[in-house]
Amino acid sequence: MPTFVYMTRCDGCGHCVDICPSDIMHIDKITRRAVNIEPNMCWECYACVKACPNEAIDVRGYADFAPMGHSVRVLREEEKGTISWKIKFRNGTEKNFESPITTKPWGKYIPKLAEVEEPTEEAINSQLLYDEPKGLNIDTGLPKMKKERFKKGIYY
Amino acid sequence: MITTNPFSELSEFVPSIAMQVYVVVMMVLVILGTLFDIIHKKNVKYFFENAKKAKKQATKTLGAGEKASIVLKTVASEILTTSELGAGKRRISHLLGMYGTIIFWVTSVIMIFCYSTPNVLTPSILPLLWHSGAIMTCFGGYWFWFFLRVDVTAEANPWYRLIQADLFVLSLVITTTFALIWSFVQSANISGWDTLFLVLFGLSNVVLFGGVYWSKFAHMFYKPGAAIQKNLAEADGSRDNLPAPSDKPKQFGLGIKRESPKHY
């Protein structure tokens, strides 16, 4: 469910541009407001939705769960430490969710890559990404599935 | 220089009726540009359709008194002091630009329509305000242009990169800059240069007011409407489909503070 921006609410502060891990939130060249330039490359982390101080970013639901006329909105209240979601279906059904959010100070865990040691050739060729497996809290490496458990036709 | 009405001095060479016609033409350009913008973008149509939808979803009917109080609060908080921009530099620069421009335009109109003949004495407050408005606009505008623009702060583009969204702010600051330089060279009697900067001032006004359709000029008409609609939707319970505020207490106070978006 990629995100999109309501132009009337956006004030072009740049928080979503700053936080998007896919680098697809950009500033529009005509309106100087945020825009998701590549919705099909959105990995749906919703960091931009949560970061927006004006609740200007909404989620475009998949057709099978929320067809046209739906809305998926989020309200992040930092002082209360809550994030609330309201999902509205085309037939008027509403689902409301409220969860606690991280209470870490904003921007505390931005990786300081310049201070990190350069990766070795072996690490570059490994299937593990930066900070894995430590960052995933898995000391034994990534979990592997035996081939017998694969569904027929999906392995090569 | 700052207590001299530049239009009064100009009237020795340009008839005041010509200046007044020029102002009226600029106003007409703004109206036409905004109308074309509305027709092309269909934003006003979307706005009213959205407001109708919100009305259907309302959980509470607002009385005329409540509506009036919300409109007044919005005008005081979001329109006159642009509170949506938070408490940072963007808000100060926006306010300087906004009030500077308003003061500059209003005093220009008053001086051109009432005091643009050499034999009528201009109250010194008017040219003083005109120059102050221009300086405020330049200060807020250049501050925004060089340091605060989101393209520069969050996207790391260089300040000299030009895009269509820059048309409004650039033409505005360039207009007021030319106005100040023209006023200076005219009061200093530097012949030739005063004509040059007068022409540049006139041309930059044409770009500013004639470019409404292509620039962000009309945002100053749309933004107040959008702010009022947003606050009305919050009050009537439709909240633009946003979830209701959580009933949890404020636990963290000022503990969570955002950093400015500069991590490119």
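Chain B and chain A meet through 47 residues of chain B and 49 residues of chain A. Contact here means heavy atoms within 4.5 Å. This is a predicted model, in which local features need pLDDT of at least 70, side-chain atom pairs count only at pLDDT 80 or more, and totals for chains, interfaces and linings use all residues. Residues are numbered from 1 along each chain as its sequence is written, chains are lettered from A and ligands numbered from 1 in the order in which they are written, and side-chain values use heavy atoms, with hydrogens and water left out.

**Interface between chains B and A**

- The two chains bury about 4100 Å² between them, with 50% of it on carbon and sulfur atoms. Buried area is the accessible area (1.4 Å probe) that two parts lose on being put together, summed over both.
- Four salt bridges run between chain B and chain A. A salt bridge is a side-chain nitrogen of Lys or Arg within 4 Å of a carboxyl oxygen of Asp or Glu.
- There are 17 residue pairs in polar contact between the two chains, both residues at pLDDT 80 or more. A polar contact is a pair of N or O atoms within 3.5 Å; within protein, one must be able to donate a hydrogen and the other to accept it, and residues adjacent in sequence count only if both atoms are side-chain atoms.
- On chain B, helices α7 (150-153), α8 (166-187) and α10 (219-235) each supply at least two residues of the side that touches chain A. Helix α10(B) gives the most, with three residues. Helices (H or I, at least four residues) and strands (E, at least two) are DSSP runs, numbered from the N terminus.
- The touching side of chain B divides into 19 nonpolar, nine polar and 19 charged residues. Ala, Val, Leu, Ile, Met, Phe, Trp, Tyr, Cys and Pro count as nonpolar, Asp, Glu, Lys and Arg as charged, and the others, Gly among them, as polar.

**Salt bridges**

- The whole structure holds 14 salt bridges over all chains. Side chains of opposite charge can pair when their charged atoms come close.
- Asp11(A) pairs with Arg90(B), their closest N and O atoms being 3.7 Å apart. Asp11(A) lies in the loop between β1 (3-5) and α1 (15-19) of chain A and Arg90(B) in helix α5 (residues 89-114) of chain B, so this pair joins two chains.
- Asp11(A) is buried at 7% relative accessible area, whereas Arg90(B) is partly exposed at 22%. Buried means under 20% relative accessible area, exposed over 50%, and partly exposed in between (1.4 Å probe, protein chains only).

**A salt-bridge network**

- Arg32(A), Arg149(B), Asp151(B), Arg161(B) and Asp166(B) are linked in a network of salt bridges.
- Asp166(B) meets Arg32(A) at 2.1 Å, N to O.
- Asp166(B) also meets Arg149(B), at 3.4 Å, N to O. This second pair links distant parts of the chain: Asp166(B) sits in helix α8 of chain B and Arg149(B) in the loop between α6 (125-148) and α7, 17 residues apart.
- Asp166(B) is buried at 1% relative accessible area. Arg149(B) is buried too, at 0%.
- Arg161(B) bridges to Asp151(B), with the closest N and O atoms 3.5 Å apart. Arg161(B) is in the loop between α7 and α8, Asp151(B) in helix α7, and 10 residues separate them.
- Arg161(B) is partly exposed at 23% relative accessibility, whereas Asp151(B) is buried at 2%.

**Cysteines**

- Zero disulfides are found over all chains. A disulfide is a pair of cysteine sulfur atoms within 2.5 Å.
- Cys16(A) is in no disulfide, and the nearest cysteine sulfur, that of Cys10(A), is 6.2 Å away. Cys16(A) is buried, with a relative accessible area of 7%.
- Cys138(B) is buried at 9%.

**Chain B overall**

- Chain B has 10 helices and zero strands.
- Its C-alpha trace spans about 70 × 45 × 35 Å along the principal axes.
- Of the 264 residues in chain B, 39% are buried.
- Among contacts in chain B with a separation of 6 or more, 73% join residues 24 or more positions apart.

**Ser238(B)**

- Ser238(B) lies in the segment after α10 of chain B. Ser238(B) is buried, at 3% relative accessibility.
- A polar atom of the Ser238(B) side chain lies 3.4 Å from the backbone oxygen of Ala54(B).
- Beyond its neighbours within four places in sequence, Ser238(B) is in contact with Ala54(B), Gln57(B), Ala58(B) and Ala233(B).
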